[in-house]
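Please have a look at it first.

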Amino acid sequence: MATSSVSKGCFVFKPSSKKKKISGVEDYFIQGSDDGETAKIRFGICQRLWDMTKSETEMLQDELNKNILDSLLEFIKKCASNFQSQVNDWASIMRASEIPTAALVLGVNVPDHDMTFQSLSDLLQQSVTPFVVSVQAKECAALKHLMQKVLERLMGVDVTMDDDEDNGGQCSAPVHQKRVHCSLSSLCDWYSSVTKKFAVTSPGKKRTSAAKYMLSKPPIVVIFKDLEAFSPRVLQDFIVICSRYIQKLPLMFIFGIATSPSTIQHMLPHSVSSLLCIELFQSLSCTQHLATVIDKLVLNPQFPFKLTGKVLQVLVSIFLYHDFSVRNFIKGLQLALVEHFHSQPLSKLCCSKKEVLAHAQSLNHQDVERVRQLPSFMRYVENQEPQKQVELLTNDECVKEVCQTLLKALRKYHKNYYPIVRCLHTLTSSLPKYPLGKQIRELHISCLEKNIWETEEYNSAMQLLKLLAKDELVTVLQKCEVILSSSKSKKMKAALGQLQNYLAKFDQLDNLSAEELIQEAVSPEKDLHKKTDLFQLQKTLLEMKESRRTKKMTPFEVLRNQILEFFDSLVRVHLVPPETQPLNEVCYYGSSGVLRRHLNATPRTSIQTALSHPYYYLQHEGLKTESGTVSNAAPDICIVYKLHLECGRLINLFDWLEAYSTVVSAAEGKDPDSSDYGKVNELKHARFIQAVSELEFLGFVKSTKQKTDHVARLTWGGC
C-alpha cells in the first residue's frame with residue numbers, strides 16, 4: 001500500500017492548558033475521610049507538629065554532637081598546622097612519618113552514624129579542608145576498589161584500573177570525560193596542581209569567609225564509616241601504601257568504630273598500626289541521647305501530642321532489643337503522630353492553647369456525637385447530676401462549652417504532671433536497686449499505666465527514702481526546688497513555697513525540737529475529725545499506734561517524714577493515670593498493635609498468612625474460604641503449602657504431587673468420575689515442581705539424603 005502525503009508530514013500537538021493535578025501527601029491523608037474540611041485541619045496540625053519534631057531533634061543532634069565534633073575539628077587543625085610548619089626537630093620528624101588518625105567510637109547504634117558523619121563532613125569542608133571523602137566497606141571489597149573510590153571522590157574524575165586497560169576499554173567512560181590512572185602518584189600530581197591554584201588568588205577577588213580559615217595546603221581526610229566491616233587485608237595494604245606518600249600528601253584518617261577501640265589492634269598488626277598516630281574520641285552513648293530526646297519531646301507539656309504507656313513501651317523495646325537507634329525511635333514517634341491524626345477524627349483538638357478553644361467551639365454535630373462516644377467522656381457524664389446528664393446528651397452547645405472546660409483541665413493536668421514526675425524521679429533515681437527505675441522513662445510508663453502509689457515498688461522506695469542522711473536529702477530536695485521553680489502552674493508554685501519552707505527548717509534544725517516540729521504539722525488526732533477515705537483512716541491509725549510504742553524521734557527524722565508525706569500527697573494528687581482524665585483520647589495515641597506491626601514486622605508470620613489465607617492480601621472473592629481451608633483456585637504455592645502442613649517430618653514427593661493434582665483437577669471443573677480426574681500431566685508436573693522450589697527458597701522444606709524421593713519439612717506450628 002502506497003504511503004499518502006499526509007502521513008509523511010510532521011505535526012505539532014500543543015499540550016492542554018489544563019494540567020493534571022498531581023496527588024500530594026495531603027490528598028492521601030484526606031482520602032476516605034467523611035469530612036474533607038476537618039481532615040485538612042488535622043493534616044495542617046499534624047504537619048506543624050511533624051516539623052516541630054524534626055527541628056527539635058536536629059537542634060538536639062547538633063547540641064549533643066557539638067563537643068565531639070569540636071574536639072575532632074581541633075585535632076585535625078592541629079595535625080594540619082604541624083604538616084605546614086615542617087619543624088626540623090627529631091620528635092616532629094618521627095611524628096611526620098605517621099598518619100594522623102582519629103578513632104571515633106560511636107556505639108552500636110549504626111543507623112545514627114550517617115547523621116554524625118554527615119555533620120562532621122560538612123563541618124570539615126566549611127572550616128578546614130575541601131578534600132573530605134567517606135568510604136564504606138560494602139563498596140571496598142578489594143584494595144583496587146578502595147583506591148578507586150577515594151580517588152574518584154576526591155578528584156571528581158573517572159579512575160582507570162589495570163583490569164580496564166587489559167579489557168581494551170570495554171567499560172570505558174564517554175570520550176569527553178577525563179580519566180586518571182588508579183594510583184597515589186596520580187593523586188599527588190593532582191593535589192600539587194590544585195593547591196597551587198588554591199594558594200594563588202587574584203588581587204581583584206576576595207576569598208569566602210570559609211576559605212579564609214583554610215590552610216594553603218589543606219589536609220586530605222578519609223573517613224572509614226564502618227571500620228569493623230572492612231577487610232583487614234585491604235585496610236592494611238591501603239595504610240602501608242598511604243604511609244609512603246605522607247611526605248607529599250597530608251593524609252588523615254577517621255575510623256568510625258561501633259564496638260570497641262581494641263578493634264584497631266585486632267585488625268591491624270603492630271607493623272601497620274605503628275604507621276598511625278591514633279587519638280581516641282568517644283561520642284555520647286545512645287541511651288543518654290534517647291533520654292534527652294524523651295525529655296524534650298515526650299515529657300514536654302508544650303507538645304500537645306502524647307503517647308500512652310503501651311505505645312511508649314513498644315518504641316523503647318524496639319530501641320533496646322533491636323538497633324539502639326535514636327533516629328528510628330524518632331521515626332516511630334512520627335509514625336504514631338501520623339497514625340493518630342489520620343485515624344482519630346477528634347485529633348483536631350490536639351493543638352496549641354490558642355487553637356484548641358476555637359476548634360472546640362466550631363465542632364459540628366457529627367464531631368459532638370463522636371465526643372459523646374468517647375469512653376472517658378461517657379464516664380464523665382455518668383458522674384454528673386441527672387439534669388446535667390440529659391443536657392450533655394441532647395444539647396450540642398452544652399457539649400462544646402464542657403469540651404472547652406475539659407480541654408483546659410487536661411492542659412493543667414499535664415502542667416502539674418510532668419514536674420511531679422521529674423521530682424519523684426530525682427528522689428528515687430539514686431536509691432539502691434532503683435525500685436522505680438533508673439531512667440525517667442521507666443517511671444513515666446508506670447505512671448501512665450497505673451496508680452504508682454499503689455505499687456510495691458513505690459512503697460519500697462518510700463521506705464528507702466526514710467533512711468537517707470541529711471546531706472543526701474537536702475541535695476535531692478534542692479534539685480526538686482529547681483524543677484518546681486521552672487513551672488508556671490499555680491499549684492506548682494504553692495508546692496514550691498512549701499518545699500522552700502521545709503528547706504529553711506533544715507537550716508534551723510539545730511534550734512528546733514521534735515515537739516515543735518510535730519506541733520507545726522497536723523496531728524493524727526486532728527486528722528481523724530476530717531472527712532477521709534478508708535486508706536487514709538488506716539494510715540492515720542497506724543501512725544498513732546507507732547507513735548505510742550516507738551522510741552522518740554529526732555528533729556531530723558520528724559522533718560524527713562513530713563517532707564516525704566508532702567511529696568506522697570503531691571504524687572497521689574497529680575500522678576493519676578491520664579485515662580482518668582476526660583477527653584484524653586484526643587491527645588493520646590494508644591494503638592500499640594498497629595505501631596508494632598509497622599515497625600517490628602515479622603516476615604515469617606506474614607509469609608505464612610499469605611500462604612494459608614491468600615484472600616488476606618489478594619482480596620479476590622474466589623479465594624474467600626472458611627478458616628483452616630484453602631480454595632482450590634488459590635495459587636499453586638498456597639495449595640502445596642497447605643498440603644505440606646498435613647505431612648510429617650519427611651514428605652513423599654509422589655504422594656504430594658498426587659494430592660496436588662487432585663486439588664487442581666477440582667479447580668479445573670473436571671468430573672470426579674472421569675478417568676482423567678486427578679491424573680498428572682506435564683503441565684501439572686511443572687507447576688508442582690515450581691511451587692516446591694519456591695517453598696524450598698522460602699525455607700519451608702529442603703532436600704534430604706535419607707530418601708531421594710522425599711523432602712524434609714523445616715517449620716512447625718504454621719497457621
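This is a predicted model: local features need pLDDT of at least 70, side-chain atom pairs count only at pLDDT 80 or more; totals for chains, interfaces and linings use all residues.

Let me begin with a question: is K412 buried or exposed? K412 is exposed, its relative accessible area being 56%, where exposed stands for over 50%, buried for under 20% and partly exposed for what lies in between, with a 1.4 Å probe and protein chains only.

Residues are numbered from 1 along each chain as its sequence is written, and side-chain values use heavy atoms, with hydrogens and water left out.

K412 sits in helix 19 and belongs to a surface patch of positive charge, together with K353, K408, K415, K488, K490, K491 and K493. A patch here consists of residues with over 30% relative accessible area and no salt bridge, like charges being joined within 9 Å. At least two residues of this positive patch come from helix 19 (396-428), and at least two from helix 23 (490-507); helices are DSSP runs of H or I with at least four residues, strands are runs of E with at least two, and both are numbered from the N terminus.

Turning to salt bridges, the structure holds 13 of them, each being a side-chain nitrogen of Lys or Arg within 4 Å of a carboxyl oxygen of Asp or Glu.

Helix 19 has one within itself: E397 pairs with K400, with 3.5 Å between the closest N and O atoms, and these two residues of the helix are three residues apart, about one turn. E397 is partly exposed at 41% relative accessibility, whereas K400 is buried at 11%.

Another salt bridge joins R687 to D636, the closest N and O atoms being 2.8 Å apart. This pair links distant parts of the chain, since R687 lies in helix 33 (residues 682-698) and D636 in helix 31 (residues 636-644), 51 residues apart. R687 is partly exposed at 25% relative accessibility, and D636 is buried at 18%.

E139 and R153 also meet through their side chains, at 2.8 Å from N to O.

Finally, K348, D367 and R370 are linked in a network of salt bridges.

Definitions and conventions. Patches are made of residues with over 30% relative accessible area and no salt bridge: like charges are joined within 9 Å, nonpolar side chains (Val, Leu, Ile, Met, Phe, Trp, Tyr) within 5 Å. Accessible areas come from the Shrake-Rupley method with a 1.4 Å probe; for residues, only the protein chains shown count as cover. Lys and Arg count as positive and Asp and Glu as negative; His and the chain ends are not counted. The place of a charge is taken as NZ of Lys, CZ of Arg, CG of Asp or CD of Glu.
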